[in-house]
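Subject: Structure handover

Hello,

Here is the structure I promised to pass on. Please open it first, then read my notes below.

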Amino acid sequence: MQLLTRDPSTPPTTLGYALFATRWLQAPLYFGLVAAQGVYVYKFFNELWTLILRCVTGQANETYVMLAVLKLVDVVMIANLLIMVIVGGYETFVSRIGLQGHRDQPEWLSHVNSNVLKVKLATAIVGISSVHLLQMFVDVHHTARHSLLWGTTIHMAFIASAAILAYMSGPMAAHAERDRHRPHEHKAAPPPIAPIPAQAGPPAEETGAEERIRAARFPARKLLEEFDAEHPRSFDREAVARLGKLDFVGDRGNVVFVGPPGTGKTHLALALGVRACEAGHRVLFDTAAGWAARLAGAQTAGRLTEELAGLDACPLLIVDEVGYVPFDADTSRLFFQLVAHRYERGSLIVTCDRPLERWDEVFGGPAAPAMVDRLAHHAEIVRLEGDSYRMRRATSDWAGRGC
């Protein structure tokens, strides 16, 4: 059975603090990259304006137009490369120190994959090299023979390095995965850990739990004991174990799971829903888009009040995938009415890809702050950090096939 508890953390050392402080030494580099972005923006519009003027005045021939377009493409590709260098540089030089949980951790950091960034950088360089090589051959009459030779040689080297890097990213990911699951013989034994409390009571078939599980319309049957607690880089294991006791349902409290896609939010929500059914509670599950359609249909039929009152028969409602689809002001008001009606009357479990303070990006109109205020008042908020479990499995399968 999979166990959940808080991992012992190593206290930061003086060297760790010193290394983290050196990030300020990179400030001139990043300011320089931003300035370079500004230069390329100016260069792009300057080249574009010159091209338009020469075309309008009839001074541009076919060769000039082709070279000018290639220059514009070159400028755009280099600007994109600068953006990847800025992001990739931060990921490479800072996140390795261990920013998880630090107050300076960027929100996008958990979505960054260093192997993917390396491949993207390599392919971007190949693209820029291709444009430069094409410029040489378009203007071949004004290009020296040795320049063509060296340009072709360098371009082929870039292609070879990108192909090798792309091929190696799969085995490297698979190797890291094996290392993560390989037992460490020389590690000290971890302290005793507390398992998720087991569900007490008679078997499910004797309590009508199976009927409640079917009525809940879960897309899949998940258990807390099946959750891969080693996958997320960080999350509050004690909070999940505490939620497994279902006290929040009796207290009419809420649960909010926040994290990037693939970190296990839906699994935990489903597992708590299944456990609540086994404990005798009626549960109803749907995605945010599904709840929006249900509430909108009830409003159109003139029975929204009756619909909300009917949901009182379910002590627990689960709203999955908040944040993936934005809602207009009318739909946001419907969600506000749902949350306001459930406030201190029934429990909600919500999974979302962004923190509550950013829900104004999902829910249009003025309803978001009031909705968040009521949802968070009696809520346990559990944040999960890490890469997508589905992407990790896909990468491992791809590497295992030797693709």
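This is a predicted model: local features need pLDDT of at least 70, side-chain atom pairs count only at pLDDT 80 or more; totals for chains, interfaces and linings use all residues.

Some detail on the pairing. Strand 2 runs parallel to strand 3 (residues 316–322), and five bridges join them. Val283 has Leu316 of strand 3 as its bridge partner. Leu284 stands opposite Leu317, also in strand 3. Strand 3 also pairs with strand 4 (residues 347–352), again in the parallel sense and over five bridges. There, Val322 has Cys352 of strand 4 as its bridge partner.

How enclosed is strand 3 by the rest of the structure? Largely, because six of its seven residues are buried.

**The chain as a whole**

The protein chain has 403 residues, of which 38% count as buried. Its secondary structure comes to 14 helices and five strands. Take the contacts between residues at least 6 apart in sequence: 83% of them join residues at least 24 apart.

**A helix pair**

Two packed helices are described by the angle between their axes and the distance between the axes. Here the pair is helix 10 (residues 288–300) and helix 12 (residues 329–342). Their angle is about 95°, and their axes are 10 Å apart. The two helices are therefore roughly perpendicular to each other.

Which residues make the contact? From helix 10 come Ala288, Trp291, Ala292, Leu295, Ala296 and Gln299. Helix 12 supplies Thr331, Leu334, Phe335 and Leu338. By class, the contact of helix 10 with helix 12 has eight nonpolar residues, two polar ones and no charged ones.

**His155**

This residue lies in helix 5 (residues 145–181). Is His155 buried or exposed? Buried: its relative accessibility is 9%, and the cut-off is under 20%. Leaving aside neighbours within four places in sequence, His155 is in contact with Val126, Ser129, Ser130 and Leu133. Leu133 is 22 residues from His155 along the chain, yet their C-alpha atoms are separated by 7.6 Å.

**Two arginines to look at**

Most residues other than glycine have a negative phi. Arg217 has a positive phi of about 60°, although it is not a glycine. Where is Arg217 found? In the loop between helix 6 (209–216) and helix 7 (237–243). At 46% relative accessibility, Arg217 counts as partly exposed.

Arg252 also has a positive phi, of about 60°, and is not a glycine. Its loop runs between helix 8 (247–250) and strand 1 (254–258). Arg252 is partly exposed too, with a relative accessible area of 42%.

Over to you.

Best wishes

Methods:
Residues are numbered from 1 along each chain as its sequence is written. Side-chain values use heavy atoms; hydrogens and water are left out. Helices (H or I, at least four residues) and strands (E, at least two) are DSSP runs, numbered from the N terminus. Buried means under 20% relative accessible area, exposed over 50%, partly exposed in between (1.4 Å probe, protein chains only). Contact means heavy atoms within 4.5 Å. Axes are lines fitted to C-alpha atoms, for helices over the stretch in contact, and angles run from 0 to 180 degrees between N-to-C directions. Angles under 35 degrees count as roughly parallel, over 145 as roughly antiparallel, 65 to 115 as roughly perpendicular and the rest as oblique. Ala, Val, Leu, Ile, Met, Phe, Trp, Tyr, Cys and Pro count as nonpolar, Asp, Glu, Lys and Arg as charged, and the others, Gly among them, as polar. Two strands pair if DSSP finds at least two bridges between them.
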